[in-house]
Structure formats: structure tokens, C-alpha cells
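Subject: Handing over a structure

Dear colleague,

Please read them with the structure open beside you.

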Amino acid sequence: HVNIYYLLLAILLNIPQLFIKAYRWNLLLRRQKIIYPIMQSFLIYMSSVYIGFITPGRVGEFVKVLYLKYDRGISISKGLPSVLVDRLFDLYLLVILSLIGIWKFDIFAELSLYFLVLIVITILSPIIILNRMFLESFASILYKLSARKKNKDRIEGHFSDFYNELQRLIDFRLFFSGSLTCVSYLIFFIQCYLLTIAMGLSISFVTIALFMAISNLISFMPISISGLGTRDAVLIFLFFLIGLKPELAVIYAFLVFVNVF
């Protein structure tokens, strides 16, 4: 009984959604003085998203680093910062929306109120994390913990390249990249809402957006391929909160899989 027209419209919206994300990554590359045609960035991004879907926790999306290495001869230590920052934008937004969803739907009962504090801390965290002194100290600690004496010089060289390139990306222009993240996820949530219309479900846009933020965040955990199983389980629980049957949650999870895959 799924309305095929709404389903196809949701699938077509993948193109602008992924294009905006590719443009965001392209801007990060340009700030590192790595010039890539926007369409080539889009194709690379599409490839990485596909590989991400077939790898646990979507770690395959870091394959963009290898594209940079073999296509332009850019070292992994130089190519990694843009890919890492690009991924963190998505994770940051999902964490905020997930915390809001946990608080709104009172998922942890009396503990849910504490998630208001976590929301504020998460929103303010970039002010601390993106501080250059904090970043340098934190990165230095990680280096000292990971480096061994026998390969200390080699690691130090790679770390220096990575840190210097990461510093290029940290300035006020990150707010524009953050706005692109919001636009891309707005399109994604519209896709999710279209799927509820296709199924004839009475779920508000805000509700399904928060549900999908929570399920997508959990799908980042490297325990399944493309969130299969984990997304279904989370949506069964969330749909139960608003009085919808488990069968509807499983069908909806399948349509999301079809939409993004």
C-alpha cells in the first residue's frame, strides 16, 4: 500500500542532499589548497557513501582519503583532516538532535531531564574543542600515548602534517560548513517525512526527524552493515512510544534502507 510517487520523490532528493555534503567537503579541501572540481568531489563522495553503507559504522566513508592519495598524490596525513572534519559535522548535529529527542520523548524517564544539560554542553563544546590551545594540548597527549620510540620520528612527521592541515580548517568559516550540514539534514528529514506520507502514517515532521536522528546516531556504531537490524530495533522502540505497531516500524526501516541505498 506504499505510495510509489512519494517514495520516488524521497529517493530523488538524495541527489541534492549528497551534492550539498560534497560541496561542504570541497570547501574544506580548498581551504587546504587542494583544488578539486566540484563534480569530481561529488562523484568521490557518492562512492564513499556507498562503501560506507557496506561497512560497519560507515567507516568506509574515509575512503575519500585514498582517492586523494592515489588521484592527486596527497598524503594520508594531509588528506585526513578534511575527511575527519566533514564527518564530525554530521556526528555533531546528530548528537544534538538525538539528545533533544531523548529529552522530548522522556526515553530515560527521570534521567531525561539531565539530557537538557547535555544538550547545552554539546552545543557549547565547539567553543572549547576548536580553541587552538586546547586542540594542540589534546593532540599532543594523543601523540604521546600512541607514539613508540622506534618509530617516533616518522609518526611525529605525519602528526605534524596532520595537525598543521587541521589548523588550516579551524576558523569562523566552519560556521558556513555547519549551515550546509543543517541544510543537507533538512533535506534528509524531508525524505524521511515523505516516507511516512507514503505509508499513510500520522507522524509529525519534528517527531520523525528526531526519531531518525536517534536511529542514525546508533547506526554509527560498528555493529551492523548500513544500520540493518540496529535501525529496525531502535525504530520499533520509538514507534511504540507513539502507539504504532512493530510491523510498521520494520516496514519504515526497510523503506529508509531502500531510500538511502
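Arginine 72 has a relative accessible area of 40% and is therefore partly exposed, a class that lies between buried (under 20% relative accessible area) and exposed (over 50%), taken with a 1.4 Å probe and protein chains only. Aspartate 71 likewise counts as partly exposed, at 40% relative accessibility, and the side chains of arginine 72 and aspartate 71 meet in a salt bridge with 3.9 Å from N to O; the term stands for a side-chain nitrogen of Lys or Arg within 4 Å of a carboxyl oxygen of Asp or Glu.

Before going further, please note that this is a predicted model, in which local features need pLDDT of at least 70 and side-chain atom pairs count only at pLDDT 80 or more, while totals for chains, interfaces and linings use all residues. Residues are numbered from 1 along each chain as its sequence is written, and side-chain values use heavy atoms, with hydrogens and water left out.

A search of the whole structure finds 5 salt bridges. Salt bridges with shared partners join Lys21, Arg24, Asp86, Arg87 and Asp90 into one network. Within it, lysine 21 pairs with aspartate 90, their closest N and O atoms being 3.5 Å apart; this pair links distant parts of the chain, since lysine 21 sits in helix α2 (residues 14–31) and aspartate 90 in helix α5 (residues 76–104), 69 residues apart. Helices here are DSSP runs (H or I, at least four residues), numbered from the N terminus.

Aspartate 90 also forms a salt bridge with arginine 24, where the closest N and O atoms are 3.0 Å apart. Because aspartate 90 lies in helix α5 and arginine 24 in helix α2, this pair ties together parts that are 66 residues apart in sequence. Lysine 21 counts as buried at 9% relative accessibility, as does arginine 24 at 1%, and aspartate 90 is buried with a relative accessible area of 1%.

On the surface, Phe19, Tyr23, Met39 and Phe176 form a nonpolar patch, with about 380 Å² of accessible area together; patch residues have over 30% relative accessible area and no salt bridge, with nonpolar side chains joined within 5 Å and like charges within 9 Å, and areas come from the Shrake-Rupley method with a 1.4 Å probe. Phenylalanine 176, placed in helix α9 (residues 174–199), is partly exposed at 45% relative accessibility.

With kind regards

How values were computed:
Helices (H or I, at least four residues) and strands (E, at least two) are DSSP runs, numbered from the N terminus.
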